[in-house]
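Let us walk through this model together, taking the sheets and then the helices. Please keep the viewer open as you read.

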Amino acid sequence: MRAILTGAATALALVMAAPAWAAPLATLDRHGSLVSIEPYAPNIVRVTIATDRTQVDAPPGEGPNAKPDATGWTHRSEAAGDSFASGAMTLTVNAQAWPKAPTQMQRYFAPALPPVSIRVADARGATVTEMTGWEMAPHVVNGEKTFRVGASFAVQPGEHYYGLGQNQEGQLDLKGRTIDCRHNYDAPAGETVCVPFMVTNKGYGIVWDNPSATTVSPGLGNATHWQSEVGERVSFFVITGATADDLYAGYARLTGRTPLPPKAAFGLIQSKARYESQKELLDIAQGYRSRNLPLDVMVLDWFYWTRMGQLDIDRTYFPDPKGMNDQLKAMGMRSIISVWPRFEKESRYFNLLDSKGWLLKDKDGKTVDGLPVRSDRAGALIDSTNPEARAWFWERIRDNIASQGFDWFWLDETEPDLVPDGNFYAIGSGDRYHNLFPLVHTNGVAEGSARDRPGLRNLILSRAAYLGVQRNGALFWSSDIKSNWEAYRRQVPAGLGFTATGMAYWGSDIGGWQWPSGPKAEKPVLLDPAGATAMAPDYTDYPELFTRWFAYSVFTPTLRIHGQRPGTALWEYGTAAEPVLAGFLKLRYALMPYLYALGRHTYDSGAPFMRALFMDFPNDPNVATMGDEYMFGPAFLVAPVTEQGQTSRAVYLPAGADWYDYWTNEKHRGGQTVTVAAPIDRIPLFVRAGSIVPMGAAVSSTATRQPLESIRVYPGADAHFTLYDDDGVSNAYKGGKNGSSATLRWDDRAGRLSADGKLPTGQNAASLVQVMGAK
């Protein structure tokens, strides 16, 4: 019991020790329900509801890092309620009649809390959302007396919902479903990741300020209901905007900007579970170079150490890690190394961490060792909610691993895999902070790297996220998924839902992580598996699956091959697959000037560049629920092939634009479905009329300066595109001291391209123009 009391007291102490928070614009009393209204920008406002004044006055939880800002806001009290207005939105806390004595029925079913209702309108006065009620139901969690807290919102006609992190159930639209918003490695369809930010197609998004396990039922039963397992208040932010990008700009302002990753992160990242020796890793790197295949990053995955938690490198198999990294850099490559947050009892740091209380504890104050499920029973979890523990963790990474020349870090198990429910962090109950770990764990490495390696742009590979994690320079992936067509098919809507959450950088283990196995192919395979060593001989359609998956991943923010199989390199899927894969890989590198400019735009705007169609075509109802096609930047419409043996597919072309088939240059009007050929060496791909696409010359990696080969223009509308380039590795871009840009403009009527400045490559834009589709 002592540990339980200590956990609750610690959480309270942390709240009390927080820096003084700016007073809200107003705190209203609705017959005992206290309502705090706290603007953060003209289109962002926080609402806090509780019966305890201390809870209402407390700042938001971890995640949002902006300061309140009521500039331009006004407050007016009227008979109908209290209205808070800016130039972008109006929020009204409705007046409530004096409560009457309950009827006979209400004596049994009436809520115990005084009601609160809130209306949010846009700048024109049109309602965008209404909170219709709130709840606090007492219960005991992990020995702590607390509440289930929640709120309900009205549903507008035609409303659809997106985001909430990663769900791999195969649907983009969340409407009519109940989402278990919690990090869950063992979710049946693949790992779920909770980022409690949900956007709608009706001009608003909600950031739910509670890190405990949360259920969300968007548009179910004509209501949207949020409920968190642990809390003493309801706290949420409303962000409004005329476009989807306005919502993402608001999210970035509230929780932090998405840094521009190192340029190498946009190239091919080659991994395997696992390279067993230094020689094997270098041989794969050299294999790419000898085959004239571009490659940017080699990854050293787990079990390179002598014990889990040693934070060392086994010199029997990796005798000279510094020399290995020097060789990679000489080939124009960088490295990522996996670092786990677990410590075996026999490892050299366990006793130190245990004595300091820097590991996850059970209710009796004892260190939790291993998982109670699966066959995974080794190691204790470092408690990254403790700032001293996470600072220590970074220092060991810096001194033991970064010192050997490794560039960036793969922080695995960031959900974390040792489930905190029923246990205790330094900050408090593991149930209360169930979803928080990925934020604080990546934060320690991001801050340490920024301090100790200021000249090197940070990158963290992470398989879980929470509000604000994007500011730590994290790239995310969909975890340890199966290697079959069903898992691949689910990646497309899963990735779109994740980026719709405001997390721009997402990808998947190309080919799946689990050992390749799947049902027998029902259709003739499209690639002869002869020569393939990546799978067992009886999985004859695996080269076809990998090739389709790779083609899709060329059009995702990150391109990373990984998996638990004998071989993962591009030439290990058979002699028929290798040239097809090489063609897609070279296309990715040709698009590097386009990709890097998209990354800079995300840093500037907060908007993702892998985009579900609802973002760019809000007036086309046909795309509101579409999760198997998407935009990749402003130009490309991507329609992956996800069925075995399929050689054509139907593609819906959104209304409001004309479209060019990338492969044939045939032009189609929007608002119709076309059926296109999809042989194994093509992914259905269209370019919006009125697009400018810079194409780069062939390079072996992003370490080589890449001139433009052409500037493709797809006519049919005026267009502009801002090229950007810099050194690709430093942080100087943040201060505007490094890099250059030029905005290209296409005048469709005049048929002329102009540039507002010198191209970053120093080339002449006019000499590079190719007008596509022109006869």
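In what order do the nine strands of the open sheet with antiparallel pairing lie? Reading across this predicted model, you will find the order 4-5-6-7-8-9-15-14-11. Strand 4 (74–78) and strand 11 (179–181) are at the edges; each has a single partner strand, so one side of each is left without a neighbour in the sheet. On average, neighbouring strands here are turned by 20° against each other, direction ignored. For a look at one pairing, go to strand 7 (residues 118–122) and strand 8 (residues 127–141), which are joined in the antiparallel sense over four bridges. Within that pairing, Ile 118 has Met 131 in strand 8 as its bridge partner.

Now turn to another open sheet, this one built from seven strands in the order 1-2-3-16-13-12-10, again with antiparallel pairing. Its edges are strand 1 (26–30) and strand 10 (161–166); each has just a single partner strand, so one side of each is left without a neighbour in the sheet. From one strand to the next, the twist averages 20°. Inside this sheet, strand 12 (residues 193–200) and strand 13 (residues 204–208) run antiparallel and are joined by three bridges.

Next come the helix pairs. The axes of helix 5 (residues 278–290) and helix 6 (residues 321–330) come within 11 Å and cross at roughly 0°, which means that helix 5 is roughly parallel to helix 6. Helix 5 brings Gln 278, Leu 281, Leu 282 and Ala 285 to the contact, and helix 6 brings Pro 321, Met 324, Gln 327 and Leu 328. By class, these residues divide into six nonpolar, two polar and no charged.

Further along, helix 10 (residues 485–499) packs with helix 11 (residues 542–553) at an angle of about 10°, their axes 11 Å apart. Angles under 35 degrees count as roughly parallel, and helix 10 and helix 11 are therefore described that way. On the helix 10 side, Trp 485, Tyr 488, Gln 491 and Val 492 meet Glu 544, Leu 545, Arg 548, Trp 549 and Tyr 552 of helix 11. This contact has six nonpolar, one polar and two charged residues.

While you are at helix 11, consider its aromatic side chains. The whole structure holds 42 aromatic pairs. One of them is the stacked pair of Phe 546 and Phe 550, at 6.1 Å centre to centre with 25° between the planes. Because Phe 546 and Phe 550 are four residues apart in helix 11, about one helical turn separates them.

What angle do helix 12 (residues 577–590) and helix 13 (residues 592–605) make where they pack? The angle is about 55°, with the axes 5 Å apart, and the two helices are therefore oblique to each other. Arg 588, Tyr 589 and Ala 590 in helix 12 meet Met 592, Pro 593 and Leu 595 in helix 13. Five nonpolar, no polar and one charged residues make up this contact.

Finally, look at residues 711–753, which an unreviewed UniProt entry annotates as "domain: DUF5110". Over this stretch the chain is 0% helix and 49% strand, and the end C-alpha atoms are 9 Å apart.

Technical notes
Residues numbered from 1 in each chain as written. Predicted model: local features only at pLDDT ≥ 70, side-chain atom pairs only at ≥ 80, totals over all residues. Heavy atoms only, no water. UniProt positions renumbered as here; feature names shortened; annotations may be inferred. Pairing = 2+ DSSP bridges. Axes fitted to C-alpha atoms, helices over the stretch in contact; angles between N-to-C directions. Parallel < 35°, antiparallel > 145°, perpendicular 65-115°, else oblique. Contact = heavy atoms within 4.5 Å. Nonpolar A, V, L, I, M, F, W, Y, C, P; charged D, E, K, R; others polar. Phe/Tyr/Trp six-rings, centres within 6.5 Å; stacked < 30°, edge-to-face > 60°.
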